[in-house]
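Try each task before you read its solution.

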Amino acid sequence: MLPVPAAPQPIGLTTLGYALVGVGLGTCSGLTPGLHANNFALLLASVVPSLPGPTVALGAAMLAAGVVHTFLDVVPALALGVPDPATAAVTLPGHRLVLDGRGREALRLSALGSGLAVVVALVAAVPLTRAVEAVYPTLRRHLPLLLAAVAVVLVATEPTWRRRVGAVTTLGVAAGVGWLVLDLDPTGPIAAGGVLAPLFAGLFGAPVLIEALSGEGVPPQAAPTVTLDRRTILGTAGAGAGAGALVGYLPGVSAAVGTVLVLPAVPGESGARGFLVASSGANTANTIFALFALLALGTPRTGVMVAMDRVGAVASAGVLLGTACLAAAVGFALVVSVGDAYLRTVGRLNYTRVSLATGGLLVVVAYLFAGGVGLAIFALAAVVGLLPPALGVRRVHLMAVLAPAIVLS
């Protein structure tokens, strides 16, 4: 039976202090391209013996960092990698809104999607987790078939046969890269490193920056008025929460994959705005559902949960849920307050220099977490990351890079 209380519990002063530290870490990671709250969580786990206070407080810091990061990572995603307006038809939905001067609205849509998805996740997580508990042994036995079915659906959602062939090619190449590098154990200056930081920085960070080098940067942004109606926002946020549940319980499925799978539930007229709400909701709800999956199934689904599991920081579930609520409230406020300033600042800078500096930061991250091997992985992943736009398919197919490790585990 799932050992989770029906409602979050109050947070003690020590735990609150650690949670606020986690909020700060999640803010830094969310606003810094190439960094992730998972990296901070693993670093915290490596130094836990030297930190004072109970392990549940450290768990609160990790969880708060993860939740806040999922709110704020949309900010650099919108501000960086904005292409030339002439290529707007093939850009990400958020970038199209920025090019149209609707970046401030996009930030608020993302915050609404994440915030509402947290509410939905907290309501649905207990009954849903109990249902998953009943079928999990069967699901685990047939996981390769299930992931293959997910891949088939992803390919089928591409609109033309030519793009479907491109999607299959991307899936195959990404899986091959995963087979080559995931078993490596490189060492870098950071003890809690690994191959995932350079791998994902290369697959998803570097290609966007390369494409944006010839872009015109962030244009002036209009008023932040949200133009989607309340019913559509609620519906798309609910769809995002459903995608987050899929990600939280099923290994090998990312928030981006989950969002694509639930796209039929997003009203067609909502367009880029609806997709942004749903994808942000999936990203944040994933953290909540992953916490419940760890509590009930003992299976950590994210880097944050891996780190919490390592230090035994999941005993006080009610306190952790209270921490998640606090972090979500702070993250919502930060998206609106910091996000607008971020867009204005990037808009005033030389965009080529911004892209080059951000790319340099990704190189540094790759080296810190995996040394020279990390640089090689980063370079290989960056080349592979250019494949989806060259073939005209979605970048989500690159998540097949994790398939070898999951299928063989």
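**Exercise 1.** Which residues of helix 1 are buried?

Solution. This is a predicted model. Take the cut-off: buried means under 20% relative accessible area. Now go along helix 1. Thr15, Tyr18, Ala19, Gly22, Val23, Gly26, Thr27, Ser29, Gly30 and Leu31 are buried. Helix 1 runs over residues 13-31, which is 19 residues. From first C-alpha to last, helix 1 reaches 27 Å, close to the 27 Å expected at 1.5 Å a residue.

**Exercise 2.** What span should helix 14 have at 1.5 Å a residue, and how far apart are its end C-alpha atoms?

Solution. Start with the residues: helix 14 covers 317-348, so 32 residues. The expected span is 1.5 Å times one less than that number. Next, look for a bend. Helix 14 bends by about 30° at Val338.

**Exercise 3.** Is Cys28 buried, partly exposed or exposed?

Solution. Cys28 has a relative accessible area of 44%, so Cys28 is partly exposed. Cys325, at 30%, also counts as partly exposed. Now check for disulfides: the structure holds zero.

**Exercise 4.** Which residues have the most contacts inside the largest nonpolar core?

Solution. The largest nonpolar core has 79 residues. Leu63, Leu291, Met305 and Met308 have the most contacts inside this core. Helix 12 (residues 271-297) gives the largest share, 14 residues. A second, separate core has 30 residues, including Val181, Leu250, Val384 and Ala400. Finally, take Leu63. Among the residues Leu63 touches are Thr287, Leu291, Val304 and Met305.

Definitions and conventions:
Residues are numbered from 1 along each chain as its sequence is written. This is a predicted model: local features need pLDDT of at least 70, side-chain atom pairs count only at pLDDT 80 or more; totals for chains, interfaces and linings use all residues. Side-chain values use heavy atoms; hydrogens and water are left out. Helices (H or I, at least four residues) and strands (E, at least two) are DSSP runs, numbered from the N terminus. Buried means under 20% relative accessible area, exposed over 50%, partly exposed in between (1.4 Å probe, protein chains only). The bend at a residue is the angle between axes fitted to the seven residues ending there and the seven starting there. A disulfide is a pair of cysteine sulfur atoms within 2.5 Å. A nonpolar core is a set of buried Ala, Val, Leu, Ile, Met, Phe, Trp, Tyr and Cys residues joined through side-chain atoms within 4.5 Å. Contact means heavy atoms within 4.5 Å. Lists of a residue's contacts leave out its neighbours within four places in sequence.
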